[in-house]
Amino acid sequence: MAHDGLFITLEGVDGCGKTTQADMLVEELEASGREVVRMRDPGGTRLSEKIRLLLLDPANDDMCDECELLLYEAARAQLVKEVIQPALKRGSAVVCDRFFDSTYAYQAVARGISGNVVQTANELGCCGVVPDATLVFDISPQEALLRATSQGADRLESEGTLFQERVREGYAELAKRYPERIRIIDASGTKEVVRARMLGALRELLS
Ligand code: TMP
């Protein structure tokens, strides 16, 4: 999809600190005078937030992998059509906490659904919208899970450290496959240190 906006996505294992970094990135972009739309995937619209609740509710432990994949894609398609596409067409910057790379890392690599199937599903779910830049906040799952579960684990967080290890491998694989778009950011250290790494990685795009 052709547009004048800027689409940045933030990724990583659960508890990697990307939500805090997204807040700081939004501040940075707003300070430069841009209109910024901050979103999360799954979520961000009335329907997508309802789907998010279904996906993350620990009571839904009977959900099969295919149902999970399709619900993530359904939530994303609605978010893209209702919010992201219009914002990019207006020339806004869109900062999104997760997007289709999560689906590859979680549903293909960690759950084990065929990578080709997930890529095809991702093509449908993203409705032709691809991020200009994707930052993967990389941290050991042990350290990250401590942060993620400090407020009670959701359905995905409850999968444990081995699952998150596979998610991390999934992101490493994606970063090798799309070196132009995806940057791995070392997410260890204080939030200020990680912020500096993030802004360093985006310097060219933001200048
Ligand atoms: P969040 O807590 O970072 O908002 O993400 C919600 C959870 O959903 C998180 O555990 C990652 C997972 N997820 C997937 O499994 N597949 C996806 O496509 C997306 C977007 C998120």
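Buried means under 20% relative accessible area, exposed means over 50%, and partly exposed lies in between, with a 1.4 Å probe and protein chains only. The model is predicted: local features need pLDDT of at least 70, side-chain atom pairs count only at pLDDT 80 or more, and totals for chains, interfaces and linings use all residues. Residues are numbered from 1 along each chain as its sequence is written, and side-chain values use heavy atoms, with hydrogens and water left out.

**Exercise 1. Classify Ala-74 as buried, partly exposed or exposed, and place Ala-74 in the fold.**

Step 1. Ala-74 has 37% relative accessibility, so Ala-74 counts as partly exposed.

Step 2. Ala-74 belongs to helix α3. Helices here are DSSP runs of H or I with at least four residues, strands are runs of E with at least two, and both are numbered from the N terminus.

Step 3. From Ala-74 to Ile-51 the separation is 23 residues in sequence and 8.1 Å in space, C-alpha to C-alpha.

**Exercise 2. Describe the overall fold and dimensions of the chain.**

Step 1. The chain has 8 helices and 5 strands. Their order along the sequence is β-α-β-α-α-β-α-α-β-α-α-β-α.

Step 2. The radius of gyration is taken over C-alpha atoms, and the globule rule is 2.2 Å times the number of residues to the power 0.38. For 207 residues a compact globule would come near 17 Å, and the chain, at 16 Å, agrees with this.

Step 3. Along the principal axes, the C-alpha atoms fill a box of roughly 45 × 35 × 30 Å.

Step 4. Buried residues make up 49% of the 207 in the chain. The accessible surface is about 9,700 Å², and carbon and sulfur atoms hold 52% of that surface. These areas come from the Shrake-Rupley method with a 1.4 Å probe; for residues, only the protein chains shown count as cover.

Step 5. Contact means heavy atoms within 4.5 Å. Of the contacts between residues at least 6 apart in sequence, 78% join residues at least 24 apart.

**Exercise 3. State which strands pair with β4, and how they run.**

Step 1. Two strands pair if DSSP finds at least two bridges between them.

Step 2. Strand β1 (residues 6-12) is joined to β4 by 5 bridges, and the two run parallel. In this pairing, Thr-9 faces Thr-134 of β4.

Step 3. Strand β5 (residues 182-186) is likewise joined to β4 by 5 bridges, in parallel. Here Leu-135 is opposite Arg-183 of β5.

Step 4. Strand β4 itself spans residues 133-138 and is mostly covered, with 5 of its 6 residues buried.

**Exercise 4. Explain why helix α4 is described as largely enclosed, and list what its buried residues pack against.**

Step 1. Among the buried residues are Phe-100, Tyr-104, Tyr-106 and Ala-110.

Step 2. The packing partners of these buried residues are β1, α3 (65-89), α5 (115-125), β4, α7 (161-177) and β5.

Step 3. Just after α4, Gly-112 has a positive phi of about 100°.

**Exercise 5. Determine whether Gly-125 is buried or exposed, and name its contacts outside the local sequence.**

Step 1. Gly-125 is part of helix α5. Its relative accessibility is 2%, so Gly-125 counts as buried.

Step 2. With neighbours within four places in sequence left aside, Gly-125 contacts Glu-73, Arg-76, Ala-77 and Val-80.

Step 3. Gly-125 and Ala-110 are 15 residues apart in sequence, and their C-alpha atoms are 19 Å apart.
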